[in-house]
Amino acid sequence: MTSSPTHRFTGHIAGVGTEGGTRLVLGCWSSTPHGPFADVMVAHPDGRRELLAPDPWVAEFVSATYTFDAVTRVPVSVTRTGFSRGSRWTVTAGPLAWQFSVGPRAPLGYLLQVVPRPLGASLGFARLTDPVARRVMPGVRTLGTAGGGRTEWYSAHDLHTITFSHATWGGHDLGPLTDMTPAPDFGFSSTPRRPSLTALTSSVRLPDDAAHAPSAQQLTSGAPT
């Protein structure tokens, strides 16, 4: 009996709120079954949840795992000067233009760096840390059920604050940086309430039914360069 396929995505997630009510979540992935890519989840002030995806594979996989009211295919570009304190990130995705700066490592970030990567990425460790994550950072979970019968767990490696953010949508200024409130409810877990950049691995276990799993050709074709 073969085990259910598990796909791992390693990279960074940035989450910020804006004074205008828009909440932005960037996924910038350096290692995935599809190759490197970035996508943006947008929670609009009226409650609409929108995915900005660069290609059909990302649009299908991410929208099948999380919940959106709209999926928009647009080129998603991320440039950055680094990953640690003082680095600056620039994101363009269709109508969205977003810049943010990374601040100091959060206290939790020091603890996360102590955990060995193989242990931290395991499902068993996610089960142990999920109750702790809920208490330490309300809204954040490390293990849960995703869309389509999928199981997802997170292994964070590092955590930095975001100290500056400026975003526009269709040229309209979204307002100054604020906390990520209310939670955007894209899935079972939210990013930390305080604007942050998290280094992590996201593991998604697909159900046994092969109809829910992308084919091998889908997993390797069309990856952005």
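**Reading strands, burial and contacts in a predicted model**

Student: Which strand pairs with β3 (residues 37-43), and in which sense?

Tutor: Strands β3 and β4 pair in the antiparallel sense over four bridges. Pairing requires at least two bridges found by DSSP between two strands; strands are themselves DSSP runs of E with at least two residues, helices are runs of H or I with at least four, and both are numbered from the N terminus. The model is predicted, so local features need pLDDT of at least 70, side-chain atom pairs count only at pLDDT 80 or more, and totals for chains, interfaces and linings use all residues. Residues are numbered from 1 along each chain as its sequence is written, and side-chain values use heavy atoms, with hydrogens and water left out.

Student: To which strand is β4 joined by a parallel arrangement?

Tutor: Strand β5 (residues 70-73) runs parallel to β4, with four bridges between the two. L52, the partner of V40, also stands opposite T72 in β5.

Student: Why is strand β1 (residues 6-18) described as largely enclosed?

Tutor: The description holds because 10 of the 13 residues of β1 are buried.

Student: Which strands are joined to β1 by bridges?

Tutor: Strand β13 (residues 196-205) runs antiparallel to β1, and 10 bridges join them; in that pair G11 faces L200. Strand β2 (residues 23-31) is likewise antiparallel to β1, through eight bridges, with V16 opposite L24. β1 and β2 form a hairpin: four residues lie between them, and G21 in the turn has a positive phi of about 105°. Strand β12 (residues 177-178) pairs with β1 in the antiparallel sense over two bridges, and T178 of β12 stands opposite G17.

Student: How does one read burial along a helix?

Tutor: An α-helix has 3.6 residues a turn, so residues three or four places apart point the same way. In helix α1 (residues 56-65), the buried residues are W57, V58, A59, F61, V62 and T65.

Student: Is D158 buried or exposed?

Tutor: D158 is buried, because its relative accessible area is 12%. This residue belongs to strand β10 (residues 151-169).

Student: Which residues are in contact with D158, leaving aside its neighbours within four places in sequence?

Tutor: Contact means heavy atoms within 4.5 Å. With those neighbours left aside, D158 is in contact with R105, G109, L112 and Q113, and also with L197, T198 and A199. The strand β13, which is joined to β1 by 10 bridges, spans residues 196-205.

Terms used:
Buried < 20%, exposed > 50% of the residue type's maximum accessible area, 1.4 Å probe, protein only.
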